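Hello,

Here is the structure I promised to pass on to you. Please open it beside this message and follow along.

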Amino acid sequence: MEKIAVYPGSFDPITLGHLDIIKRSRKVVDKLVIGVMNNNSKSPLFSVDERVNMIKVVVKDIEGVEVKSFSGLTVDFARQEGAQFIVRGLRSITDFEYELEMAHVNHKLYPDLDTLFFTTSLQYTYLSSTTVKELARYGSNEVSQMVPCNVNKMLEEKFRR
């Protein structure tokens, strides 16, 4: 049986920390579907289509990875994709507390679904999309060390004054 996982997130934008989780989780499953959330309650910097396209460029050389957008519950997206696992990255105890609660809810809604937790690699523990956007907004050169090249270019274009 093929092991399929979904890695849901807003990825606004995708960071090197996300990419690290993608590469590591792909070693554990046969197929990884990156689910880009379309969350109407948030005001993302990049549209869903922009995020999907930027991620497709980033993962184009990683076999067994697909990128799709979705709205609604992650468990419904996972069920639709035939996934047995949800992939989540953990940077802190706070992340763990929230993600553990979500894992229990998801398992209650879809008993055949388990959550695979990956602790963030040490060099990315400080990294978040929010931090990246804030630094990019003020023109920090450090952003290029936090995101893939194509994403850095897109950020520069968004914040060009």
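First, some ground rules. This is a predicted model, so local features need pLDDT of at least 70 and side-chain atom pairs count only at pLDDT 80 or more, while totals for chains, interfaces and linings use all residues. Residues are numbered from 1 along each chain as its sequence is written, and side-chain values use heavy atoms, with hydrogens and water left out.

Let's begin with the pockets. On a 1 Å grid over the protein atoms alone, a pocket is an open set of points where a 1.4 Å probe fits, with protein on both sides within 12 Å along at least five of seven lines; lining residues have an atom within 4 Å of a point. A volume is the space filled by probe spheres set on the points, which are joined across faces, edges and corners.

The largest pocket has a volume of about 1200 Å³. It is lined by 45 residues, and the closest to its centre are Gly-9, Ser-10, Met-37, Arg-88 and Glu-99. Helix H4 gives the most to this lining, nine residues. Other elements that give two or more residues include strand S1 (4–9) and helix H3 (74–81).

Glu-99 is found in H4 and counts as buried at 9% relative accessibility (buried is under 20% relative accessible area, exposed over 50%, partly exposed in between, with a 1.4 Å probe and protein chains only). Leaving aside neighbours within four places in sequence, Glu-99 is in contact (heavy atoms within 4.5 Å) with Arg-88, Leu-90 and Phe-117.

Leu-109 also has its place in H4 (residues 93–109), but Leu-109 is partly exposed, with a relative accessible area of 46%. Beyond neighbours within four places in sequence, Leu-109 touches Val-75 and Arg-79. The C-alpha atoms of Leu-109 and Ala-136 are separated by 38 Å.

Ala-136 brings us to the second largest pocket, as one of the residues that line it. That pocket has a volume of about 150 Å³, and helix H6 (149–159) supplies the largest share of its lining, four residues.

Finally, have a look at helix H1 (residues 16–26), where the buried residues include Leu-19, Ile-21 and Ile-22. At the start of H1, a side-chain oxygen of Thr-15 reaches to within 3.2 Å of the backbone nitrogen of Gly-17.

Enjoy exploring!

Note on methods
A polar contact is a pair of N or O atoms within 3.5 Å; within protein, one must be able to donate a hydrogen and the other to accept it, and residues adjacent in sequence count only if both atoms are side-chain atoms.
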